[in-house]
Amino acid sequence: MANSGFQLLGYFLALGGWIGIISTTALPQWKQSSYAGDAIIMAVGLYEGLWMSCASQSTGQVQCKIFDSLLSLDVHIQTCRALMVISVLMGFIGIIVSVVGMKCTKVGDNNPLTKSRIAVTGGALFLIAGVCTLVSVSWYATQVSYHFFDPNTPINARYEFGSALFVGWAAASLTILGGAFLCCSCSKEDRRGQQYYRQSQPSTAREPNVKSSPAEKVEQYL
């Protein structure tokens, strides 16, 4: 029961992290205009994401423009896009695989060791998704910091961390933590259950019932 609860905890943590990964991928607030230093506070706030750039006016009106060309984007934006898409796909596959491998479900094989191995595979997929998200968000944040502290960057063209980066860090942490819980769910009890499972299987080969003749019985007594 404790191991099953451990799997459920890891699954729901990873599921919440995967939802956060989707939100991070779709949000346009990966970086936002900075008002630090001598920058003039404008009536328009600028922020960009992986797919579009937006301008928010003081009246509450928001205008967004999707990036027209893929090849004209910076290398780190293209790479972050690929990593986030891989994270979403790995997380989706991990959700399906983990459901099959958890002890509390009746899907798939009833062999306890096989189900534990499937759960560990789902946890590994969640780990890959979390690591890809962490690399993508951290790399993008590094680029934002580099351009912010670059003296050649104009003050009114500097950006700071957007809210999507913090959502991405939280989502990556939850996904990695949940995947680690699922990977640690294969214990010694599962191996003992595998031995019991094999012993409890009915034997398909039956020994032939050979009746001994009276002459053989006499020879045995002699």
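This is a predicted model: local features need pLDDT of at least 70, side-chain atom pairs count only at pLDDT 80 or more; totals for chains, interfaces and linings use all residues.

Trainee: How many aromatic pairs does the count come to?
Mentor: Eight aromatic pairs, where rings of Phe, Tyr and Trp (its six-membered ring) pair if their centres lie within 6.5 Å; planes under 30 degrees apart count as stacked, over 60 as edge-to-face and the rest as tilted. One of them is Trp18 with Phe92, a tilted pair at 6.3 Å centre to centre with 35° between the planes.
Trainee: Where in the chain do those two sit?
Mentor: Trp18 is in helix 1 (residues 2-26) and Phe92 in helix 2 (residues 75-101), 74 residues apart. Helices here are DSSP runs of H or I with at least four residues, strands are E runs of at least two, and both are numbered from the N terminus.
Trainee: Is Trp18 buried or exposed?
Mentor: Buried, because its relative accessibility is 14%; the cut-offs are under 20% relative accessible area for buried, over 50% for exposed, and partly exposed in between (1.4 Å probe, protein chains only). Phe92 is partly exposed, at 45%.
Trainee: And what about Trp30 and Tyr140?
Mentor: They form an edge-to-face pair, 5.0 Å centre to centre and 70° between the planes. Trp30 lies in the loop between helix 1 and strand 1 (31-33) and Tyr140 in helix 3 (residues 112-149), so the pair ties together parts 110 residues apart in sequence. Both Trp30 and Tyr140 are buried.
Trainee: New topic: which ring does Lys31 lie over?
Mentor: The face of Tyr159, at 4.6 Å from the ring centre; the rule wants NZ of Lys or CZ of Arg within 6 Å of the ring centre and within 35 degrees of the ring normal.

How values were computed
Residues are numbered from 1 along each chain as its sequence is written. Side-chain values use heavy atoms; hydrogens and water are left out.
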